[in-house]
Amino acid sequence: MSLGRGVRREEEQRRSVFTRRALALGMGQLALFGFLGTRLWRLQSEEGDRYRTLAEENRVSARLIPPPRGQVLDRNGRVIAGNRLNWRALLVAEQTQDVGATLETFSRIVPLQDHERARIERDVRRRRRFVPVTVREFLAWEEMARIEVNAPDLPGIIIDVGQTRLYPENEHLAHMVGYVAPPAERDMDGDPLLELPGIRVGRAGIEKHHDLALRGRAGAVQLEVNAVGRVIRELDRREGIPGQDVQLSVDAELQKALRGRIEEGTSIVVLDARNGEVLAMASQPSFDPNIFNAGVSAQQWREWTRNRATPLINKATNGLYAPGSTFKMIVALAGLEAKAVTPADRVYCPGYLDLGDTRFHCWQKHGHGSVDMRAGIKVSCDVYFYEVAKRVGIDRIAAMASRFGLGVELDIELPGTKKGLVPTRGWRQAQGKPWNLGDTIVHGIGQGFYQVTPLQLATMAARLATGRAVQPHLTRSIGGRPVRGTKPEDWPSLGIPERDLRLMREGMWAVVNEPGGTALASRLPGSLGVMAGKTGSVQVRRISREQRERGFKTESLPREWRPHALFVAFAPYDNPVYAVSVVVEHGMSGSGAAAPLARDTLVEVFNRFRTPPAAPGQRVAEGPRP
Amino acid sequence: MSATFERRLLTRDRGHGLLQKFWRIPWLFVLLLSAVAAVGYVALYSAGGGPEAYAAKHALRFGFGLVLMLSIAVIDIRVIAKLAWLGYAIGVGLLVLVLLHGNIGKGAQRWIDIGPLQLQPSELMKIMLALGLAAWFQRASWERVGNLLFLLPPAIMVLLPVGLILKQPNLGTALITAMIGGAVFFAAGMRLWKFALLLAAVGTAAPIAYTHLHDYQKARITTFLDPESDPLGAGYNIIQSKIALGSGGIWGKGFLQGTQGHLNFLPEKQTDFIFTMIAEEFGLVGALSVLGLLALVVLFCYLVAFRCRHQFGRLLAVGLGTNMFLYIFVNIAMVTGSIPVGGVPLPLISHGGSAMLTTMLGFGLLMSVHVHRDAEFGPARD
């Protein structure tokens, strides 16, 4: 019994020790569970918002959708800069067992260069295996067909379509439309769109001037991605705003027809004289803007920049020439305004004018005899305008030239357009040189320091024809909304008396239509209308007295030393609608080379527009050509 | 007095019939375990995006586990006590085997293939250690436990497997194994001053030992502490786990709606980070509910211990309860970024056959303790 009691006491003792200890253990463990509970409370309740944000950042990835770039249309709605589908072959590495084998098969169908292979393999290594890698862009239809047919042997190759710029008229409108290229660092204007791969920005011409309108606004898509960045689904999509279409005043058909007529170094500008719309602006040679799309090779670039005929430069806006005799109306108007001369004042032309011991020659060696203002223009008598210039002075001539758009910046939508130069006494003196009377005389016939562009000459012709300060411009509408300045009343008057202007127009009519006029051979066929114009020839090199005395012939000069040929015109004479300027580099004489081209231009214009182009202010409907 | 005692013994003896035993099985507890396993099914359904990947297998394994558990529950606890030594020996043997022939996983030798089953002997060892220690202490009186020499063999019983697990290397599991041993020692009545002395000794030795290590050895210790992955990767896992937990908020994102889990930001979501998955989709409410269920499981182990009338059962229950507690605590503390240890699954919820097997084996033993809580082991000895 005592043993049993002892056993029981032992048992009670170790049991009570166990109970206490186990309770302590259990309580301790319970407390630690409590700790976990508070921990969860802190994470999920107190800091929940912070972690919710982090979870969203983890899962949501925003991407931009590039909007389609706006089209550039001609006045008839024909696309001159559009978008075309760019078919691409892409490789998704995770869909093929062996990237090398797939590329090997692919290059048997569409040959791949070694450097292309190297780039593809590098891209595959760098990117995650589900991200497509570009294998080849701009696939031809036939290449695509062959890829599709061989699809079972090309695991991982997918065909995908993007957009790329297309200029259907190739080089014909390149100088106006410009071109696009991938954005450079300086193009980054904070628009996130520019950071997208494959995006293009306007680099020249209308593409550059209206880049923002054409570009549109990027859309955005919110994607749910998983831990490795694979897209699971689309959460939200905000459509972008497509780029706006820009309609130009130019007529693509006319432009092409004119370009077909001209040789290297020639430029033609045709304006609607009433409102300054550019109908055509041709400069030869040109370039194919499509080449910029895929990237210009170093060789191509060398070819362009080393070409002395400068295909990349638009001679109509950036070629600088002395206006020569086409400038004579400006001198005459300056004389009339200053009352330094009356239309009836006569000047005797013996074939030269002597000033001190310097002799200034008339182009007509034997002289024109007694010449009034109308005749001075008609026969382009140099001596008459030497005399007028002498009486007016250079500064008043310069002021008149500026009113006609010469030597000033025009509002044309072509970035980088040249301003040119119309010299004044002050300009010369700023160079530390005196202005002599002899300089004034030389400038009286449009020679000397003058630098004007064919576009400025056409503007001058339009302003002579209308008496209004029309500005040449290319844009008719943006996104369907017409731009300003389509009506003649939109343009302020030049403030020159109609009587004076009429005299100029008469003189120009006589140039083309009266026997003895310098461009009589180039008058229009009677059925079409009447052209009025003015010839000009400008020396590229000074002709020395000895050469002159030896019976010098300009034809004997090497081509690049021959004079430039110029012509400005408007038509129809009685109701001017078109203003034209023609510059033929080294064309020898305005009457011989430029005037016939101006006539052909107007024949082309009249044939294209049997009726004058859509009445000013009225938007031409897109559709059939007039 | 003595007569009533004898009578009670007789009644108890009658209770050893198989039917009686089944009646004694704590069915409420079986229900609790089933509930926890059901939570596991739901979470694994979400983790796998359907039942096929993990959830179906999980249910099947739990079914097998239940059979195993109930089979063990009716084995007489005295038989189990007799076989404890064998179990301990098998555990140690498997640990040696895994060192010699084990599969290397994530830089450590962890498991061996037994037929279709991948067994992690260290998991089994924890249970076998509790069993072995309970067997050693079953008849030791309070005075006997006070004897230092008497404590030496069980100390070796703890240190031997701890050393073998360290050699894998897996410091985390080794520490957990040592803690289970410590809990049984504590409950068995080891004097507190000895405990204090031991802790002080370890506490002073560890930093000194650490400073005398080479850099590569220190790096190895870091790997010990977080054996699953490199520090950078582990950091990422913990950060993503905290984001998942926190973003779940009070009410959660909803079943199958957890973005962190379903978009794979959450690593190992079907095993170590399954609790995160639950917390993300069911929020604080769900997380605390699951934590509560798991706490009840641990609590039940203690209840079994308190109701048991023999020291073997009591110590075994405390050992098993501590094992269960450590699993749960280390796992949840890990996914909440509270401690840097990795690689511990959540029992009955995480995906994994070997873990399910050992867990249910442990519960089987616990149930046997409960079914045979009044079994006569004979008196304590000095």
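Tutor: Let us begin with a definition: buried means under 20% relative accessible area, exposed means over 50%, and partly exposed lies in between (1.4 Å probe, protein chains only). Helices (H or I, at least four residues) and strands (E, at least two) are DSSP runs, numbered from the N terminus. This is a predicted model, in which local features need pLDDT of at least 70 and side-chain atom pairs count only at pLDDT 80 or more, while totals for chains, interfaces and linings use all residues. Residues are numbered from 1 along each chain as its sequence is written, chains are lettered from A and ligands numbered from 1 in the order in which they are written, and side-chain values use heavy atoms, with hydrogens and water left out.

Student: Against which helices do the buried residues of H4(B) pack?

Tutor: Helix H4 of chain B covers residues 51-73, and its buried residues include B:His58, B:Phe62, B:Leu66 and B:Met69. Contact here means heavy atoms within 4.5 Å. The partners of these buried residues are helix H3 (27-48), H5 and helix H16 (353-371) of chain B.

Student: Which residues make the nonpolar surface patch of about 420 Å²?

Tutor: Patches are made of residues with over 30% relative accessible area and no salt bridge; like charges are joined within 9 Å and nonpolar side chains (Val, Leu, Ile, Met, Phe, Trp, Tyr) within 5 Å. Accessible areas come from the Shrake-Rupley method with a 1.4 Å probe, and for residues only the protein chains shown count as cover. The patch consists of B:Ile75, B:Val79, B:Leu83, B:Leu86 and B:Ile90.

Student: Which strands stand at the edges of the open sheet of 3 strands in chain A?

Tutor: Two strands pair if DSSP finds at least two bridges between them. The order in this sheet is E1-E8-E9, with antiparallel pairing. Each edge strand has a single partner strand, so one side of each is left without a neighbour in the sheet: these are E1 (60-65) and E9 (231-238) of chain A.

Student: Over how many bridges do E1(A) and E8(A) pair?

Tutor: Strand E8 of chain A spans residues 219-225 and pairs with E1(A) in the antiparallel sense. Within this pairing, A:Ala62 stands opposite A:Gln222 in E8(A). The number of bridges is 6.

Student: At what angle to E1(A) does helix H2 of chain A run?

Tutor: Axes are lines fitted to C-alpha atoms, for helices over the stretch in contact, and angles run from 0 to 180 degrees between N-to-C directions. Helix H2 (residues 48-59) lies across E1, E8 and E9 of chain A. Its angle to E1(A) is about 45°.

Student: Which residues are linked with A:Arg165 in a network of salt bridges?

Tutor: A:Arg165 and A:Glu207 meet in a salt bridge of 2.8 Å, N to O. This pair links distant parts of the chain, with A:Arg165 in strand E5 (residues 157-166) and A:Glu207 in helix H7 (residues 205-209) of chain A, 42 residues apart. Both of these residues are buried. The network joins A:Arg165 with A:Arg69, A:Glu207, A:Asp211 and A:Arg215.

Student: In what order do the strands of the open sheet of 5 strands in chain A stand?

Tutor: The pairing in this sheet is antiparallel. Strand E11 (residues 266-272) and strand E21 (residues 578-584) of chain A pair over 7 bridges, and A:Thr266 stands opposite A:Val584 in E21(A). The order is E12-E11-E21-E20-E19.

Student: Is A:Thr601 buried or exposed?

Tutor: A:Thr601 is placed in helix H22 (residues 590-608) of chain A. Leaving aside its neighbours within four places in sequence, A:Thr601 is in contact with A:Leu258, A:Ile268, A:Val270 and A:Val580. At 0% relative accessibility, A:Thr601 counts as buried.

Notes. A salt bridge is a side-chain nitrogen of Lys or Arg within 4 Å of a carboxyl oxygen of Asp or Glu.
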